[in-house]
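Trainee: Please take a close look at one part of this model with me: the contact between the chains.

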Number of protein chains: 2
Amino acid sequence: MSNSPVYDKVALIGVGLIGSSMAHAMRRDGVASRIAGYSHRTETLEKARAIGFADSLHDDVTDCVKDADLVVLATPVGAYAVLAEQIAPHLKPGATVTDVGSVKSAVIRDVGPHVPEGVHFIPAHPIAGTEQSGPEAGFAELFDGRWCILTPLPGTDAAALERLKTFWHRLGSDVEVMDARHHDLVLAITSHLPHLIAYNIVGTADDLQAVTKSEVIKYSAGGFRDFTRIAASDPTMWRDVFLNNREAVLEVLGRFSEDLSALQRAIRWGDGEALFNLFTRTRAIRRSIVDAGQDTAAPNFGRSKKPG
Amino acid sequence: MSNSPVYDKVALIGVGLIGSSMAHAMRRDGVASRIAGYSHRTETLEKARAIGFADSLHDDVTDCVKDADLVVLATPVGAYAVLAEQIAPHLKPGATVTDVGSVKSAVIRDVGPHVPEGVHFIPAHPIAGTEQSGPEAGFAELFDGRWCILTPLPGTDAAALERLKTFWHRLGSDVEVMDARHHDLVLAITSHLPHLIAYNIVGTADDLQAVTKSEVIKYSAGGFRDFTRIAASDPTMWRDVFLNNREAVLEVLGRFSEDLSALQRAIRWGDGEALFNLFTRTRAIRRSIVDAGQDTAAPNFGRSKKPG
């Protein structure tokens, strides 16, 4: 890996978990000469300043993007349209505008129309994160060995696309290019539905009258606690994901509910063979995920201290 | 903690993840003078022999329980009735029969009638496990800081109950006593439903035509991988859980599905406030679980190497 910067100035519109992790990762490998960060919250700017991952911090988004070679939208996606409109007149010709949102068709719909002639617009989505949020949650290794999906529009400048790919490689990611619509369906099943289900089951448990909250917490090691991690993710970000990937989420949710009804029937009628067959099939997927380096093989995610 | 044995001979009927972990934990603190293990599978007995956590290993269950002061049923619960019938005539007067099954009313129904006069029967359930199975998956620390629930029947001998409590304390657990019916409902929400949902979503993803298996695996870090851990749990054990806790599982599943329909409607109609409110409420439960020591506070379960 070369240590020369991929972009001179990078502007991070949003310095939460993803924005701050990008800053740390850029610094780790000299990916940018200058990093500017924006937040509309004074408290967030103060935290970011104390950590020191940006060269400049701004409460005015137009100041932040001035002279930037790469502008990264890294707020909840519901804020993109207004931000894109605000920054549009201040973008440097030849610059690239990208983002890190978990939905892509809606981002193209909201941001695309504002991007001026002579500025490249290449939507992106790093498949990485933790359940924590805010500038203090970021760390340089977040993207290492994870995938970043780019969803360029037809006619995207090849050199600008190549440069953004190099940028994400230098941040530690593998890069994949796909169509925005397909991205939204893939993520609906690999990310959005899991979050929805996790939020839902935690809510159901919280509402049960016959089982106390204290019991749910004490006995959560039986499986429940695995769901609570992603159900602790940032509420604003996830509200915006579901509002902006409605179609694909409703489609996979429909399939999930159909399958769940079949399982429910198998339990009601004591169909042990149907249960056993499903439970056997699902083991193979776990193994593949571990083999692909997308999760740890340690039992219990390595929570327990098994010797050897 | 005293190092004197709680029971002289302990017979483990089943030496998979739980049975073998009990053996390791008993040896760690001198909880038993002698440990006997049974399996009907030659391969399992050979593995157990190679690891060496038992003093004797048996393919005849009546040999295994001979002279035992504590007999622990640790196979999938579907096998309990037959095993209980086989061992009944060979149990030592004054011995205690217990188990480690994830359901308790069905165990009382299946085992209770076989337990002879003069032998104590105290059902138990350690809330601990990993997604791995077999004698090589066991380790001494599995029960440390986890809860073990005892569901004694009315009229249970107080001294026998006290002794079994001491046994589990010495294995590293906290001990709780509750009614079998309530246990089954608590576990339906904290363990059985999470497993059912996890198995189901992994199956749904596997069946989708529009998204390839390779895509599901590559992008699983977006949330999906968290579900695959518990969906890799032992199929026979879990089939038996669902067949034997039908009523409670169907009850909590009904609540879950109702709540999911409401979420589906919120997404369809763009009700951001309803989504945000649920997503905020669920964060608190995660915090409580971490505070109670039932999960790690490390982001991503500590999968990522965040410095500091």
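Mentor: A crossing is right-handed if the near helix is turned clockwise from the far one by less than a right angle, and left-handed if anticlockwise. Keep that for later.

This is a predicted model, in which local features need pLDDT of at least 70, side-chain atom pairs count only at pLDDT 80 or more, and totals for chains, interfaces and linings use all residues. Residues are numbered from 1 along each chain as its sequence is written, while chains are lettered from A and ligands numbered from 1 in the order in which they are written.

Start with confidence. For the complex, the predictor gives an ipTM of 0.93 and a pTM of 0.94.

Next, the contact itself (C-beta atoms, placed from the backbone, within 7 Å). Chain A gives 97 residues and chain B gives 97 residues. On the side of chain B that touches chain A, the elements giving two or more residues are α7, α8 (213-218), α9 (224-230), α10 (235-244), α11 (246-268) and α12 of chain B. Helices here are DSSP runs (H or I, at least four residues), numbered from the N terminus. The largest share, 19 residues, comes from α7(B). By class, that side of chain B has 51 nonpolar, 25 polar and 21 charged residues. Asp, Glu, Lys and Arg count as charged; Ala, Val, Leu, Ile, Met, Phe, Trp, Tyr, Cys and Pro as nonpolar; the others, Gly among them, as polar.

Take α12(A) (residues 272-291) and α7(B) (residues 180-207). Their axes (lines fitted to C-alpha atoms over the stretch in contact, with angles from 0 to 180 degrees between N-to-C directions) lie 9 Å apart, at an angle of about 70°. That makes α12(A) roughly perpendicular to α7(B). The classes are roughly parallel under 35 degrees, roughly antiparallel over 145, roughly perpendicular at 65 to 115, and oblique for the rest. From α12(A), Leu278(A), Phe279(A), Arg281(A), Thr282(A) and Ile285(A) meet Tyr199(B), Val202(B), Gly203(B) and Asp206(B) of α7(B). These residues divide into five nonpolar, two polar and two charged.

Second, α10(A) (residues 235-244) and α12(B) (residues 272-291). Their axes come within 9 Å and cross at roughly 140°, so α10(A) is oblique to α12(B). This crossing of α10(A) and α12(B) is right-handed. In α10(A), Pro235(A), Thr236(A), Trp238(A), Arg239(A), Phe242(A) and Leu243(A) meet residues of α12(B), among them Phe276(B) and Phe279(B). The contact of α10(A) with α12(B) has seven nonpolar, three polar and one charged residues.

Last, α7(A) (residues 180-207) and α11(B). Their axes cross at roughly 125° and come within 9 Å. So α7(A) is oblique to α11(B). The crossing of α7(A) and α11(B) is right-handed.

Note on methods: Two residues are in contact if their C-beta atoms, placed from the backbone, lie within 7 Å.
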